[in-house]
Amino acid sequence: MNEPPYPPVTQVNEADTAALAKAFLNKVYLWMSACMLLTAGVAAYTAQDFESLTWAAQNSWLIWIGTLGIVLVMSFGANRLSHTALSVLLLTFAFIQGILFGPLLVHYGLDSVGKAFGCTAVMFGAMSIYGAVTKRNLSTLGRTLFMLLIGLIGCMIINLFWGNDVFDFIICCAGVVIFALFTAYDTRHLLEIGLSTDEEVRTKEPCSGL
């Protein structure tokens, strides 16, 4: 008697699991692309509008406080906030970042900023792919990377008063390494979230996961 033309159950489950995780990750990157386009558009407008540029330069401290406030609300209130609220906060964050980057476009020039963005995109893509395909357990990196990030922020604050160029270069190099590892860790973490059967989690996490 011939075997039925169906793949083994384990193979179907594996295929369904992969499709579920891929669909979730695609949704995350769709949100990321939308936010990046919003930030780029606002930055371009701010850079060419004198009044907006002046306001952004004079109130950078207010922009930073707003950015930090949104990050904290999204980080600690993700479980209590609705999908709509998280979406609004994420888009507001992208908008504020555009205002912040406007003066940088003027100061460093579009060419330099474009090159920096290109290098960042390549590194992000490479580390994200690594995080998606690696078989290594990256879950143990979370706490270590968070502590390193706190240390990095502390060093940045110290150097605001010290103003040492060599120390600033070291901070930049350390930041590249830390955020590269964060990219791989977060990608793996998002893939694991994408396997959740909780529809609320799958709906909200593409926003809060960024």
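Reader: Where do Lys115 and Asp111 lie, and how many residues apart are they?
Author: Both are in helix α5, four residues apart. That spacing is about one turn of the helix. Keep in mind that this is a predicted model.

Reader: What do Lys115 and Asp111 form?
Author: A salt bridge. The closest N and O atoms of Lys115 and Asp111 are 3.4 Å apart.

Reader: Are Lys115 and Asp111 buried or exposed?
Author: Lys115 is exposed, and Asp111 is too.

Reader: How many salt bridges does a search of the whole structure find?
Author: One.

Reader: Stepping back. How many helices and strands are there?
Author: Eight helices, zero strands. Read from the N terminus, the order is α-α-α-α-α-α-α-α.

Reader: And what share of the residues is buried?
Author: Buried residues account for 28% of the 210 in the protein.

Reader: On to α6. How many residues, and what reach?
Author: α6 has 22 residues. From first C-alpha to last it reaches 31 Å, close to the 32 Å expected at 1.5 Å a residue.

Reader: Which residues of α6 are buried?
Author: Gly142, Leu145, Leu149, Leu152 and Asn159. Down the axis of α6, these buried residues fall within an arc of 105°, so they line one face of the helix.

Reader: What does the face turned away from that buried side carry?
Author: Exposed residues: Arg143, Met147, Phe161 and Trp162.

Reader: Which residues form the nonpolar patch on the surface?
Author: Phe146, Met147, Ile150, Ile153, Ile157, Leu160 and Phe161. Together they have about 800 Å² of accessible area.

Reader: Take Ile153. Where does it lie?
Author: In α6, which covers residues 141–162.

Reader: Why does Ile153 count as partly exposed?
Author: Because its relative accessibility is 40%.

Reader: What about Thr134, where is its place?
Author: In the loop between α5 (110–133) and α6.

Reader: Buried or exposed?
Author: Thr134 counts as buried, because its relative accessibility is 7%. A polar atom of the Thr134 side chain lies 3.1 Å from the backbone nitrogen of Arg136.

Reader: Next, α7. What are its residue count and reach?
Author: Helix α7 spans residues 165–194, 30 residues in total. The reach is 42 Å from first C-alpha to last, close to the 44 Å expected at 1.5 Å a residue.

Reader: Which residue caps the N-terminal end of α7?
Author: Asn164. One of its side-chain oxygens lies 2.9 Å from the backbone nitrogen of Val166.

Reader: Changing topic again. How far apart are Gly66 and Gln97?
Author: In sequence, 31 residues. In space, 9.8 Å from C-alpha to C-alpha. Gly66 belongs to helix α3, residues 60–76. Gly66 is partly exposed, with a relative accessible area of 25%.

Reader: And Thr92 and Thr67, how far apart?
Author: They are 25 residues apart in sequence. Their C-alpha atoms are 9.0 Å apart in space.

Reader: Which helix has Thr92?
Author: Helix α4, residues 83–108. Thr92 counts as partly exposed, at 33% relative accessibility.

Conventions. Residues numbered from 1 in each chain as written. Predicted model: local features only at pLDDT ≥ 70, side-chain atom pairs only at ≥ 80, totals over all residues. Heavy atoms only, no water. Helix = DSSP H or I, 4+ residues; strand = E, 2+ residues; numbered from the N terminus. Expected span 1.5 Å × (residues − 1). Polar contact = N/O pair within 3.5 Å; in protein donor to acceptor, adjacent residues only side chain to side chain. Patch = residues over 30% accessible without salt bridge, like charges linked within 9 Å, V, L, I, M, F, W, Y side chains within 5 Å. Areas by Shrake-Rupley, 256 points an atom, 1.4 Å probe, with all protein chains shown as cover. Salt bridge = Lys/Arg side-chain N within 4 Å of Asp/Glu carboxyl O. Buried < 20%, exposed > 50% of the residue type's maximum accessible area, 1.4 Å probe, protein only. Arc of directions from axis to C-beta.
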